Amino acid sequence: MKIYGQVKPISYLKARAPEVLRGLEEQKIPVVITLRGEAKAILQDVATYEETQETLALLKILALTNKGVEAGKVRSANEAFARIRKRVKG
């Protein structure tokens, strides 16, 4: 995602915070905040942030699963379901 069009100095944020926040919610495009010409922060609407965090969590699970498969830590579907049934029965 290219966000070059959404680079704003901190003075812009200070002067127009409500407008910037409304724009985040409506457009779902993050805003890069600069201080003395250097990027310092990224503002993002809450819903998009939560989606990003969920995606990262799923990717971490996938990476761990792939490492387990590569290490040979796999079970057949029948064995896995048998273990689950045993746990559920208590």
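Guide: Strands here are DSSP runs of E with at least two residues, and helices are runs of H or I with at least four, numbered from the N terminus. This is a predicted model, where local features need pLDDT of at least 70, side-chain atom pairs count only at pLDDT 80 or more, and totals for chains, interfaces and linings use all residues. Residues are numbered from 1 along each chain as its sequence is written, and side-chain values use heavy atoms, leaving out hydrogens and water.

Visitor: In which sense do strand 2 and strand 3 pair?

Guide: Strands of a sheet pair through backbone hydrogen bonds, either parallel or antiparallel. Two strands count as paired if DSSP finds at least two bridges between them. Strand 2 (residues 31-35) and strand 3 are antiparallel, with five bridges. They form a hairpin with two residues between them, and R36 in the turn has a positive phi of about 55°.

Visitor: What is the order of the strands in the sheet?

Guide: The order is 1-2-3 in an open sheet with mixed pairing. Strand 1 (7-9) and strand 3 are the edge strands, each pairing on one side only. Strand 1 runs parallel to strand 2, joined by three bridges; P9 has T34 of strand 2 as its bridge partner.

Visitor: Why does strand 3 lie largely in the open?

Guide: Buried means under 20% relative accessible area, with exposed over 50% and partly exposed in between (1.4 Å probe, protein chains only). Strand 3 (residues 38-43) lies largely in the open because zero of its six residues are buried.
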